[in-house]
Amino acid sequence: MNDLKVTPASRSYTGDLLMLALAAVVFMVIEARKHGIRFVWLYVVGGFATAIGFTFPLFLIARELRMGASDAPRLRPIDVALLAIV
């Protein structure tokens with residue numbers, strides 16, 4: 001745990017990860033309530049037990065399945081070009 005506070009860079013990185021995790025948890029709870037996704041708190045606990053980078057995509061998959069099939073996104077040519085660059 002002390003490794004997270006050794007250098008200014010590690011403290012900044014730790015702070016960034018905590019803020020990202022907080023935003024992800026808020027998003028997951030709000031979206032779960034809106035779309036009726038069950039067991040959202042298991043995703044949250046799993047995120048802190050394993051990694052939020054593992055459970056957040058699992059939640060997004062569950063959310064997408066719950067939302068059902070919709071029209072394919074319509075990307076403009078500028079979107080395609082910028083995504084290709086990224």
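1. In this note, a residue is called buried under 20% relative accessible area, exposed over 50%, and partly exposed in between (1.4 Å probe, protein chains only). By that scale Asp79 is partly exposed, with a relative accessible area of 25%, whereas Arg76 is exposed at 56% relative accessibility.

2. The model is predicted, so local features need pLDDT of at least 70 and side-chain atom pairs count only at pLDDT 80 or more, while totals for chains, interfaces and linings use all residues. Residues are numbered from 1 along each chain as its sequence is written, and side-chain values use heavy atoms, with hydrogens and water left out.

3. The largest nonpolar core has 11 residues, among them Ala24, Met28, Val40, Ile52 and Phe59. Such a core is a set of buried Ala, Val, Leu, Ile, Met, Phe, Trp, Tyr and Cys residues joined through side-chain atoms within 4.5 Å. Two or more residues each come from α1, α2 (40-49) and α3, and α1 gives the most, with 5 residues. Helices here are DSSP runs (H or I, at least four residues), numbered from the N terminus. In soluble globular proteins, nonpolar side chains tend to be buried together.

4. Leaving aside neighbours within four places in sequence, Val40 is in contact with Met28, Val29, Ala32, Arg33 and Phe59. Ile52 lies in helix α3 and is buried, with a relative accessible area of 18%. Not counting residues up to four places away in sequence, Ile52 touches Ala21, Ala24, Met28, Gly47 and Pro57. The C-alpha atoms of Ile52 and Leu17 are separated by 9.2 Å, although these residues are 35 residues apart along the chain.

5. How many salt bridges are there? The count comes to 3, a salt bridge being a side-chain nitrogen of Lys or Arg within 4 Å of a carboxyl oxygen of Asp or Glu. One of them joins the side chains of Asp79 and Arg76 (3.8 Å, N to O).

6. Glu31, Lys34 and Arg63 are linked in a network of salt bridges. Glu31 is buried at 6% relative accessibility. The side chains of Glu31 and Arg63 meet at 2.8 Å, N to O. Because Glu31 lies in helix α1 and Arg63 in helix α3, this pair ties together parts that are 32 residues apart in sequence. Arg63 is buried, with a relative accessible area of 18%. The bridge between Glu31 and Lys34 is 3.3 Å, N to O; these two residues are 3 residues apart in helix α1 and therefore separated by about one helical turn. Lys34 is exposed, at 57% relative accessibility.

7. Thr55 belongs to helix α3 (residues 52-67) and is buried, with a relative accessible area of 5%. A polar atom of the Thr55 side chain lies 3.4 Å from the backbone nitrogen of Gly47. Leaving aside neighbours within four places in sequence, Thr55 is in contact with Tyr43, Gly46, Gly47 and Thr50.

8. Ser10 lies in helix α1 and is buried at 17% relative accessibility. The Ser10 side chain reaches the backbone oxygen of Thr7 at 2.8 Å. Not counting residues up to four places away in sequence, Ser10 touches Asp3, Leu4 and Lys5.

Notes:
A polar contact is a pair of N or O atoms within 3.5 Å; within protein, one must be able to donate a hydrogen and the other to accept it, and residues adjacent in sequence count only if both atoms are side-chain atoms. Contact means heavy atoms within 4.5 Å.
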